[in-house]
Amino acid sequence: MMAFQEAAKLADVPEGAALAVELGGVDLALVKQGDTVYAIQDWCSHAEIPLSDGDVEGCTIECFLHGSRFDLRTGEPLGLPATEPVPVYPTKIEGETVWVDLPDESEN
């Protein structure tokens, strides 16, 4: 089961860049593209480097250390050296607040 949690104010999420947030013990990178905010785990699956420190281009985010790119919609790697996907989480915007749907910790 998932549970939406307040992640950030919409005004704090930059357009075409990443905002690092910690939510419920999960490090996230939030990226705004137009009317959509994406939430992706803030760690490259190849080298555990914060993705929020990398460049955003369209619906991709790049790990600054080795250049792997990840699809913000699916978490799938789009280039080597990363081969494993990164978790992504559903989001919603209500008013001026961004909410992220994280797994309910009580279910573990």
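This is a predicted model: local features need pLDDT of at least 70, side-chain atom pairs count only at pLDDT 80 or more; totals for chains, interfaces and linings use all residues.
Helices and strands are taken here as DSSP runs, a helix having at least four residues and a strand at least two.

## An open antiparallel sheet

Four strands form an open sheet in the order β2-β3-β4-β8, and their pairing is antiparallel. Because β2 (18-23) and β8 (88-89) stand at the edges with a single partner strand each, one side of each is left without a neighbour in the sheet. The partner of β2 is β3 (residues 26-33), to which it is joined by 6 bridges in an antiparallel arrangement; within this pair, V21 stands opposite L28.

## A buried aspartate

Strand β10 (residues 97-103) contains D101, which is buried but has no salt bridge, the nearest side chain of opposite charge being that of K92, 7.9 Å away. The side chain of D101 does, however, reach the backbone nitrogen of F4 at 3.4 Å.

A search of the whole structure finds 0 disulfides. C44 is in none, and the nearest cysteine sulfur, that of C63, is 3.9 Å away, whereas the cut-off for a disulfide is 2.5 Å between sulfur atoms. C44 counts as buried because its relative accessibility is 3%.

For C59, the closest cysteine sulfur is that of C44 at 19 Å, which is too far for a bond. With a relative accessibility of 21%, C59 counts as partly exposed.

Note on methods. Residues are numbered from 1 along each chain as its sequence is written. Side-chain values use heavy atoms; hydrogens and water are left out. Two strands pair if DSSP finds at least two bridges between them. Buried means under 20% relative accessible area, exposed over 50%, partly exposed in between (1.4 Å probe, protein chains only). Lys and Arg count as positive and Asp and Glu as negative; His and the chain ends are not counted. A salt bridge is a side-chain nitrogen of Lys or Arg within 4 Å of a carboxyl oxygen of Asp or Glu. A polar contact is a pair of N or O atoms within 3.5 Å; within protein, one must be able to donate a hydrogen and the other to accept it, and residues adjacent in sequence count only if both atoms are side-chain atoms.
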